[in-house]
Structure formats: C-alpha cells, structure tokens
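Thank you all for coming.

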Protein chains: 2
Amino acid sequence: MYHDLIAKNFLNKLSNTWLEKLDDSAVLEVGGKIAFTTDSYVVSPIFFPGGDIGRLAVCGTVNDLAMSGASPLYLSLSFILEEGFSTTDLERIVDSIKEGAKEAGVEIVTGDTKVVNKGSVDKIFINTSGIGIVPEEVNISGSNAQPGDVIILSGSIGEHGITIMSQREGLKFSSPLESDCAPLNSLVANMLDVCNDIHCLRDPTRGGLATTLNEFAAQSKVGILIEEDTIKVTPPVQAICELLGLDPLYIANEGKLVAIAPPSKVKRLIEQMRQNKYGVGAVVIGRVVAEHLGTVVMKTGLGTSRIIRMLTGDLLPRIC
Amino acid sequence: MYHDLIAKNFLNKLSNTWLEKLDDSAVLEVGGKIAFTTDSYVVSPIFFPGGDIGRLAVCGTVNDLAMSGASPLYLSLSFILEEGFSTTDLERIVDSIKEGAKEAGVEIVTGDTKVVNKGSVDKIFINTSGIGIVPEEVNISGSNAQPGDVIILSGSIGEHGITIMSQREGLKFSSPLESDCAPLNSLVANMLDVCNDIHCLRDPTRGGLATTLNEFAAQSKVGILIEEDTIKVTPPVQAICELLGLDPLYIANEGKLVAIAPPSKVKRLIEQMRQNKYGVGAVVIGRVVAEHLGTVVMKTGLGTSRIIRMLTGDLLPRIC
C-alpha cells in the first residue's frame with residue numbers, strides 16, 4: 001500500500017534520476033559553500049487564493065535558501081498524511097509542488113511519506129528541506145547590517161497572511177485578494193548580478209516586516225529607521241487590517257524580501273529588481289543607523305516617530 | 001513567544017556556530033559527492049524502552065545517510081508541536097536529540113518550529129533531514145546486487161517494532177524488551193574500512209527485513225535466497241510475535257542493517273562488524289542468485305522453501 005501510494009502519487013509525477021533509484025538518500029555532486037535549510041508547512045486551509053500548501057512548501061524553502069544568497073538546487077519532500085486524506089487533493093498538491101519546483105528550477109531528490117491514523121494530524125503537513133550553492137564571494141547574514149546601509153523592500157506587504165485569515169474568517173471582498181506566495185530565487189540572482197555585497201536578505205514571513213527588521217537590528221546590533229509612507233499596502237489588505245484591528249507590519253508575506261545593502265549600490269539594485277516580476281514594487285524604505293541600537297523606529301505619515309517592536313503575545317497558528 | 005520557545009528549548013541546548021547565527025539557512029563547506037535524505041517521525045508513544053522520538057529522529061536520518069555509504073555530517077531539525085505540549089517532555093526530547101547527535105558525531109545546523117492548535121497534531125512530530133559525504137570510490141545502491149553476492153545481517157530482528165506494539169497494547173513481559181534504535185554510521189565506516197565495494201546497504205525499518213530484501217531483489221533484478229535458521233530473533237520478540245500472530249521478518253528495526261557484498265570480502269566484513277557494539281550479532285543470512293528474479297525465497301528450518309513477499313495489506317501506523 002505504501003509502495004503503491006508512493007508509486008502512484010509521487011514517482012509518476014515527480015520522476016527524476018534520483019527519485020527513480022528508490023534509495024534512502026540522494027547522492028549529489030556539489031562543491032564549495034552550500035546552504036542547507038528546513039521548514040515544515042502546516043497552513044490551514046490547505047488551498048487558498050494564490051496557492052496551496054504544496055506551492056508554499058516549495059517557495060518557502062527555496063526562499064530560505066535564496067535569502068542566504070544561494071542558488072537553490074535540491075529539495076527533499078516529506079509528507080505526513082491523515083488516513084483517508086483525499087487522493088484528489090493530494091494529486092492537486094503534488095501537481096502544485098511540481099509546478100513550483102519547475103518555476104524555481106529545483107529538483108526534488110529525496111522524499112518520505114507517513115500516513116497517521118485519523119485525528120493524529122489535520123489533513124496534511126509537509127516538510128521540505130533544501131540545498132543550494134552559495135557563490136564564494138557572497139556573504140549574506142542578518143548580522144551584517146552596518147550604519148549607513150539602505151533598506152529595500154521588494155513590494156507591498158501582508159497579502160499572504162491576510163488571505164489566509166480571510167479564508168478562515170469567511171470574509172469576502174469585492175477587490176481581488178490573494179497570497180503573494182512565490183519563489184524569489186530568480187529575483188535574488190538578478191540582485192546579486194549587480195551587487196555581490198548585499199549585507200542582509202530575508203523574507204518577512206511569520207511576524208511580518210516588523211519582525212524581520214527587529215531581527216536584523218538585534219543580530220547586527222544597529223538601529224533601523226524606516227518611513228511609513230514608503231511601505232505599500234494594497235487596499236484590500238488595508239481594509240481587512242482595519243476591520244480586524246491588525247497592523248500590516250506584522251502580517252506574514254510569502255513572496256517578498258527585505259535587503260540591506262551599501263548606499264552606493266542601491267540605485268542599480270532597485271532598477272534591476274523592478275525588471276523581475278516579483279520585484280516590480282521594489283522601493284527604499286529606510287536605512288541603518290548608529291543610534292537606538294537594536295531598535296526599529298518608524299517615521300509615521302504624520303511626522304511622529306514610533307518604535308516598532310518584535311511581535312509578542314498571541315501567535316497566529318498555521319499561517320504557513 | 002516563538003523566539004522565547006526557540007531560545008529556551010533549542011538554542012541553549014543545541015548551540016553551535018550555525019544555529020547561533022539565527023539565519024534562515026546554514027552555510028556549510030562541503031565538496032564532492034554528498035548524500036541528502038529526509039524523514040518525518042510520528043512514532044507513538046513518543047517515549048519507549050530503548051529510546052524516544054528524538055533519538056529515533058537522529059538515528060533514522062543518520063542511518064539513511066550511512067546506508068548510502070556517506071559519513072553523516074549535518075542535520076536539520078523541524079518540530080511540529082501541539083499547543084500545550086509539555087515543556088518537560090520537549091526538554092527530554094531535545095536532550096535525547098543532543099545525545100544522539102553527539103553519539104553519531106553530527107551537527108544540527110538549521111531548524112524550524114511550528115506550534116499548531118490543540119487537536120491538529122498528536123503531541124509532537126519531528127522531521128530531520130541530513131547531509132553526508134560519500135567517499136569518491138563508494139557506490140552503494142539497492143540496484144547493485146549481483147548473483148553470487150552474499151547477504152549479511154547485523155543482528156537480531158524485530159526489537160523496535162515489537163517494543164512499540166507492546167507499549168501500545170500494554171503487554172508486559174519478564175524478559176527485558178527494548179527498541180534497538182541506534183546510529184549505525186560508525187558500523188558502516190568500519191565496514192567500508194575493510195571493503196569499499198559493498199554493493200547494497202539498507203536498514204530494515206518499516207516493513208522489516210522481508211521488505212528490504214524484496215526491494216533489493218526488485219531494484220537489482222536478481223533472486224534472493226535466505227536461510228531461516230541464520231536469522232536471530234530474541235525470545236521476547238519471538239514470544240510476542242507468536243502471541244499476536246506476527247512474522248518477525250516484517251517487523252521494523254531501527255538499529256540493524258543488511259549488506260550485500262562480494263563473497264571474497266565477507267569473512268573480513270563479518271569479523272570487522274563484530275568489533276562494533278552495533279554489529280556483534282553480524283551473520284551471513286543468504287546469497288544473491290540468478291534464479292527466481294525479483295523474488296525472495298527462504299529455506300525454512302524444516303527444509304522447505306517459502307516465498308517471502310513484500311508487506312501488503314494493513315500498515316502499522318506510527319511505528320517510526
């Protein structure tokens with residue numbers, strides 16, 4: 001039954017020279033600096049406007065690799081399925097994984113499937129881990145920001161989180177609203193083409209832009225100053241945030257990135273990012289300063305200053 | 001809260017240069033042929049005689065790497081926790097992961113934690129993925145068995161599966177019974193020291209020895225002939241198998257391996273294996289033949305022959 005399930009649903013669709021060998025590990029030829037990352041995906045609902053748990057599992061891990069400056073090459077894929085989970089839904093998810101992997105240019109080289117009894121898991125959870133190659137001269141880390149550096153955001157914020165919440169709450173809007181879930185490795189590759197000394201890169205997922213900027217401030221022991229007016233929020237996201245009393249700065253994204261780079265490179269970077277479909281909305285949102293170390297400050301539209309803290313209090317579970 | 005959970009439970013215990021960076025991917029220096037594998041662990045109960053879900057998650061992935069001839073180096077670690085999961089239990093599990101990683105000589109370099117609402121997962125699931133280096137001259141695969149090759153088993157079978165089943169059924173025995181859960185990479189390294197042309201290696205986990213041998217027969221398109229009398233089953237495992245009407249050939253192991261090697265190397269291999277604490281019970285259990293291709297045949301203690309098929313029918317869920 002396991003062998004059948006694997007053969008029918010995965011091997012037929014995802015077939016490649018590694019998976020066909022049916023060995024316990026994939027053997028790969030790589031060299032130099034590699035990036036390695038892992039993420040488990042537990043999003044609910046599993047299908048949502050703009051994506052599904054399968055696309056999310058590919059994009060999320062591809063993006064984690066890309067954020068270390070790596071070219072993502074290989075993914076592992078591990079399913080935990082609830083007994084009786086719809087095979088139609090599983091097929092849709094596997095198709096979506098295949099399409100996402102194709103778009104990102106990565107191969108799924110090893111996998112695992114566990115079926116657990118009804119009630120032990122809610123439908124389906126997916127883990128993807130990934131390997132990529134980091135160019136020798138690239139050295140990106142959340143701890144590399146320096147005073148004087150400029151902060152770039154690749155587009156509008158909050159679409160993924162607000163889409164998931166709207167689905168759960170049954171909110172309907174006239175304006176289209178969908179998750180921004182996307183693989184960002186081509187965008188990062190384009191950026192590295194014009195600037196190989198990007199200092200920090202991160203995709204503001206759980207906890208949103210506010211959390212990513214706070215992580216940078218803490219890891220690099222610097223201050224961060226951003227301007228509210230530069231941060232784009234689409235009208236449906238803004239409307240739902242107001243309705244639910246949420247701050248878009250804390251809402252998860254799945255297709256956006258924040259970059260910190262030396263000021264001399266910023267013009268070229270922004271021009272280059274806007275050529276990529278996932279970076280058309282790229283703008284400078286602020287800079288790194290030598291004051292208020294470890295703290296993120298936002299100049300509001302009214303000209304006042306507000307401290308943007310790390311997300312505390314309740315989690316929104318199962319956003320990704 | 002997330003940051004606190006991660007800091008308190010994981011970083012303090014598992015701290016190393018990679019995890020301390022708090023970046024999304026670990027950047028590693030490796031080169032040549034690497035092995036990459038993934039497994040999700042959903043075992044129930046999460047604590048059992050001889051191990052727990054944490055030790056299993058380290059050993060299982062280390063063993064998958066070792067079975068491709070790789071020296072396991074780096075693991076990723078991803079938790080899915082049910083809201084309200086006992087922090088004492090989590091600490092015990094993390095300690096066990098740390099100890100298992102130390103025994104196996106691997107570093108945990110990247111991780112992820114998801115907390116899901118009550119009822120969405122049964123307590124805790126863990127995914128570990130792993131990377132290892134395969135020596136250039138080593139070429140191990142389930143498809144490499146050749147007629148004339150000899151089949152070696154590293155010890156007695158069925159302990160892990162029977163331990164888990166006994167725990168679930170509340171069976172008590174006077175004889176000690178515990179899971180064989182162990183990292184086998186040192187055993188494999190010892191074996192490769194005396195024979196770098198081992199053809200096949202696999203740990204007979206889910207589906208047991210019978211399933212592993214059937215996989216080898218199918219992947220290599222050869223026949224496999226084993227002798228029942230050579231396969232050791234401990235008295236408590238034998239007793240419970242008889243009680244529950246189970247065949248130990250199909251019961252999961254977590255600290256045993258099956259090797260297929262050229263006949264000229266077998267004496268040295270067995271001697272070498274018996275020097276390692278996880279290979280003291282190493283014996284020859286059969287050979288690869290050019291007849292009954294794709295099929296496993298066992299000569300029974302009574303002198304008759306029995307076809308050993310792949311496990312079909314019901315799965316035993318959550319054995320690993």
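Let us begin with Glu103(A), which at 36% relative accessibility counts as partly exposed, where buried means under 20% relative accessible area, exposed means over 50%, and partly exposed is what lies in between, with a 1.4 Å probe and protein chains only. Glu103(A) forms a salt bridge with Arg55(A), and the closest N and O atoms of the two are 3.2 Å apart; by salt bridge I mean a side-chain nitrogen of Lys or Arg within 4 Å of a carboxyl oxygen of Asp or Glu. Because Arg55(A) lies in helix α3 (residues 53–66) of chain A and Glu103(A) in helix α4 (residues 87–104) of chain A, the pair ties together parts that are 48 residues apart in sequence. The helices (H or I, at least four residues) and strands (E, at least two) that I name are DSSP runs, numbered from the N terminus. Arg55(A), for its part, counts as buried, at 15% relative accessibility.

Before going further, please keep in mind that this is a predicted model, in which local features need pLDDT of at least 70 and side-chain atom pairs count only at pLDDT 80 or more, while totals for chains, interfaces and linings use all residues. Residues are numbered from 1 along each chain as its sequence is written, chains are lettered from A and ligands numbered from 1 in the order in which they are written, and side-chain values use heavy atoms, with hydrogens and water left out.

How many salt bridges does a search of the whole structure find? Over all chains, the search finds 22 salt bridges. One of them is between Lys114(B) and Asp39(A), with the closest N and O atoms 3.1 Å apart. Lys114(B) is in strand β5 (residues 107–116) of chain B, whereas Asp39(A) is in strand β1 (residues 26–41) of chain A, so this pair joins two chains.

Chain B can be laid on chain A with an RMSD of 0.0 Å by a turn of 180 degrees and a shift of 0.0 Å along the axis, the superposition being by least squares on the C-alpha atoms of residues with pLDDT of at least 70 in both. The two copies are therefore related as by a two-fold rotation axis. The same surface serves both copies, since 100% of the contact residues of chain B recur in chain A, and contact here means heavy atoms within 4.5 Å.

Let me turn to the interior of chain A, and to helix α6 (residues 185–194). Its buried residues are Asn185(A), Leu187(A), Val188(A), Met191(A), Leu192(A) and Val194(A). The elements of chain A that they pack against are α3, β4 (71–82), α4, β8 (200–202), β10 (258–261) and α9 (266–275), which include the two helices of the Arg55(A) and Glu103(A) pair.

What of the cysteines? The structure holds zero disulfides over all chains, a disulfide being a pair of cysteine sulfur atoms within 2.5 Å. Cys181(A) is in no disulfide, and the nearest cysteine sulfur, that of Cys59(A), is 4.1 Å away; Cys181(A) is buried, with a relative accessible area of 4%. Cys320(A) is in no disulfide either, with the nearest cysteine sulfur, that of Cys181(A), 10 Å away, and at 8% relative accessibility Cys320(A) counts as buried.

I will end with Val283(A), which lies in strand β11 (residues 283–289) of chain A and is partly exposed, with a relative accessible area of 25%. Not counting residues up to four places away in sequence, Val283(A) touches Ile151(A), Ile152(A), Leu153(A), Thr230(A), Ile270(A) and Arg274(A). Val283(A) and Met273(A) are ten residues apart in sequence, and their C-alpha atoms are 9.3 Å apart in space.
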